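Here's a quick briefing on how this model is put together. Have the structure open while you read.

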Amino acid sequence: MRATNPLRTSSFRLTLAYAALFVLCVLVLFGVTYVFVNEYALQDETEEIAVEFADIQSEVQLAGQERLPDIINSHLKLREEVRAVYLLLDPQGNKITGNIEPMQPVFGPRMMDLVVEGKLRSVRTNGFRLGNGDYLLIGQDTDTLNDMTALIVRSFGVGLIVTLILAVLGGAIIGRSVLKRIESISSTTRAIVGGDLSQRVALRDSGDEFDALAAGVNAMLDRIEDLMRSMRQVSNDIAHDLRTPLTRLRQKLEHAHRRGASTEELHEALGGSIAQVDSILETFGALLRIAQIEAGGRAAPPAPVNMSKLLASIVEDFSPAAEDHGQRLVADVESGRTLSADPELLTQMIVNLVDNAIRHSPPGTTICVQGKVIGDDFELAVADSGPGIPVHEREKVLRPFYRLEASRTTEGNGLGLSLVAAIAKRHHATLSLNDNAPGLRVAVLFPAAA
Amino acid sequence: MRILVVEDDAETAAYLIGGLEEEGYAVTHAGDGRDGLFLATTENFDLLIIDRMLPELDGLTLVKTLRASGNETSVLFLTTMSGIDDRVTGLNAGGDDYLVKPFAFSELLARVKALARRPRGTHVETHFKVGDLELDLLTRVVKRSGHEIALQPREFRLLEYLMRHAGEVVTRTMLLDNVWNYHFDPRTNVVESHLSRLRTKVDKGYSSELIHTVRGAGYCLRARD
């Protein structure tokens with residue numbers, strides 16, 4: 001067998017798809033977090049500057065305008081660790097106090113790159129013109145925010161890698177276990193293709209989908225094995241059952257040939273031979289017919305068949321023949337049921353059953369053709385009071401060529417009931433052989449849909 | 001009477017032609033469907049015996065083509081024994097009768113004779129008379145020498161078929177086909193038991209028998225001549 005390339009297995013593809021989905025989830029989560037954190041930080045810094053400005057203003061109101069540089073210096077000291085930026089300029093642009101170099105005043109909130117303590121930093125600022133004409137710039141270093149976003153990016157990066165590893169690993173483990181079970185099924189089927197029909201897929205009794213699949217495969221194999229066995233059986237039977245009459249025919253011809261008999265005797269021998277060949281041909285015809293019905297091909301479209309009418313007409317047709325055998329043929333049929341069926345096959349099925357009953361029942365008995373409506377179903381039955389069929393033989397008589405020991409000497413090819421069984425199956429009907437105490441009752445139950 | 005045999009199997013064809021010529025028929029042979037169609041349309045035959053399976057042009061198409069061109073010559077189809085609905089398609093295509101291979105020559109001959117006499121599209125007969133036996137389809141009354149005979153429906157149909165083919169040999173299979181509409185052979189003697197009853201009703205008590213058994217072939221309804 002071709003080694004399964006792990007990269008081409010469906011479980012690998014599934015793993016890949018899951019990993020991609022995980023990564024997508026992580027990325028979305030990251031994006032959302034990033035945006036919200038930034039938003040929050042921005043709002044926080046802007047508010048911080050506004051609060052700071054209000055604080056300074058209220059402190060100036062309490063202490064007086066001339067105390068402003070001191071207030072700013074104390075704020076500067078107080079907020080040194082959060083890297084706050086202050087710059088106070090007089091109206092002429094000269095620096096009064098602050099921790100950055102003097103610059104051209106700018107107003108309103110904005111981002112600026114400023115040199116703080118000798119380092120260039122990204123600072124969120126707001127510039128104000130004070131009541132006495134001084135200029136005040138308050139800034140908030142954003143590096144904290146940058147550090148935070150960097151931390152978020154890093155943690156999500158690590159998370160992403162871990163997720164990827166877990167997804168691939170998990171997928172591989174699950175995939176392997178799935179592959180193993182599929183492989184066990186496919187190795188069984190290969191063994192069967194190789195000729196060993198007795199192989200079966202092992203079940204795990206877990207009741208999962210794989211067990212259901214394996215059970216289905218096993219059931220299919222049982223059916224195939226059954227068919228193979230019956231096919232072998234049938235071809236054996238055909239070979240055997242046709243050999244006997246052919247041998248007899250050969251003996252008859254050889255006998256006539258060797259004895260150099262008179263024209264009259266030769267004529268007689270030939271006549272007998274033709275009759276024998278006819279019976280062999282008849283057997284072939286019956287076999288072909290059964291095969292054709294079982295194959296179900298070229299089926300005539302089903303037509304509505306009035307059962308009481310059909311059964312009555314068959315009983316009428318066979319009554320004289322039954323009388324000639326010293327039997328009575330009667331009908332006991334509930335009227336009004338129509339089946340959708342192949343009328344010709346249905347007729348042949350009933351005729352075969354009546355035929356059997358007449359041939360196997362002794363004189364003085366009654367044969368009853370019954371038609372019963374059972375709920376939505378229709379049961380058709382032929383009951384006789386003949387010798388019947390022993391329970392253990394009932395299954396076997398449905399097989400082609402099978403004949404009871406008692407009837408081996410009577411005329412017939414042993415295909416009648418096989419044909420009935422094939423026709424019943426074609427119509428989805430159930431055939432059953434029951435004890436009529438005494439005698440045999442063959443019943444065919446047609447389901448409601450038929 | 002001229003018969004065209006369209007059959008590709010040489011052995012079967014020789015068997016048919018030999019047997020039919022022995023019976024006094026003039027027989028022409030075609031080995032495939034196309035030759036068969038050509039001969040059937042260019043010459044005048046009383047009966048065509050056509051195999052269903054033919055090279056060049058199958059039997060069914062041959063007959064369909066023939067019928068479409070207005071040719072109404074009687075057709076007897078030969079079919080293989082496996083076909084369940086071969087009979088139906090054959091008759092639908094315009095065949096007048098069919099025979100399943102392998103067949104006994106007597107069976108073929110009986111059917112050929114029945115077809116040869118079949119009136120094609122002429123008036124419908126409702127009254128039959130053979131010797132002193134009369135059958136009326138409209139009143140459904142059967143009389144012999146003026147005495148009414150009571151028959152069961154199936155016996156009536158059986159007698160009707162025999163009278164339609166009076167003087168001809170009618171086989172068991174023909175009776176099963178046409179009187180019972182059984183296209184298979186039941187093992188029970190359905191035909192025999194009905195015929196013996198019919199015979200009792202029709203012939204018993206009369207000096208001459210009308211229903212005759214032809215050994216190895218079938219039955220024949222015939223007045224003594």
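Let's start with one residue pair: B:Leu135 stands opposite B:Val142, which sits in strand 8 of chain B. Keep in mind that this is a predicted model, where local features need pLDDT of at least 70, side-chain atom pairs count only at pLDDT 80 or more, and totals for chains, interfaces and linings use all residues. Residues are numbered from 1 along each chain as its sequence is written, while chains are lettered from A and ligands numbered from 1 in the order in which they are written.

**The sheet in chain B**
- Strand 7 (residues 133-136) and strand 8 (residues 141-144) of chain B run antiparallel, joined by four bridges; strands are DSSP runs of E, at least two residues, numbered from the N terminus.
- Both belong to an open sheet of four strands in chain B, ordered 6-7-8-9 with antiparallel pairing (two strands pair if DSSP finds at least two bridges between them).
- Strand 6 (127-130) and strand 9 (147-149) of chain B are the edges, each pairing on one side only.
- On average, neighbouring strands here are turned by 25° against each other, direction ignored.

**Chain A overall**
- Chain A has eight helices and 12 strands, with helices being DSSP runs of H or I, at least four residues.
- Of its 450 residues, 22% count as buried, meaning 20 or more other C-beta atoms, placed from the backbone, lie within 10 Å of the residue's own.
- Among chain A contacts between residues at least 6 apart in sequence, 60% join residues at least 24 apart (a contact has C-beta atoms, placed from the backbone, within 7 Å).

**A helix pair in chain A**
- Helix 4 (residues 209-259) and helix 5 (residues 263-295) of chain A pack at about 170°, axes 9 Å apart; axes are lines fitted to C-alpha atoms over the stretch in contact, and angles run from 0 to 180 degrees between N-to-C directions.
- That angle makes helix 4 of chain A roughly antiparallel to helix 5 of chain A (the label applies over 145 degrees).
- Residues meeting there include A:Leu242 and A:Leu249 from helix 4 of chain A, and A:Leu266 and A:Ile280 from helix 5 of chain A.

**Nonpolar cores**
- The largest nonpolar core has 98 residues, and A:Phe318, A:Ile350, A:Val354, B:Ile49 and B:Ile50 have the most contacts inside it; such a core is a set of buried Ala, Val, Leu, Ile, Met, Phe, Trp, Tyr and Cys residues joined through C-beta atoms within 7 Å.
- Helix 7 (residues 343-360) of chain A gives this core its largest share, nine residues.
- Another core, of 16 residues, lies apart from it and includes A:Ile56 and A:Tyr135.

Definitions and conventions: A residue is buried if 20 or more other C-beta atoms lie within 10 Å of its own, exposed if 12 or fewer, and partly exposed in between; C-beta atoms are placed from the backbone. Two residues are in contact if their C-beta atoms, placed from the backbone, lie within 7 Å. Angles under 35 degrees count as roughly parallel, over 145 as roughly antiparallel, 65 to 115 as roughly perpendicular and the rest as oblique.
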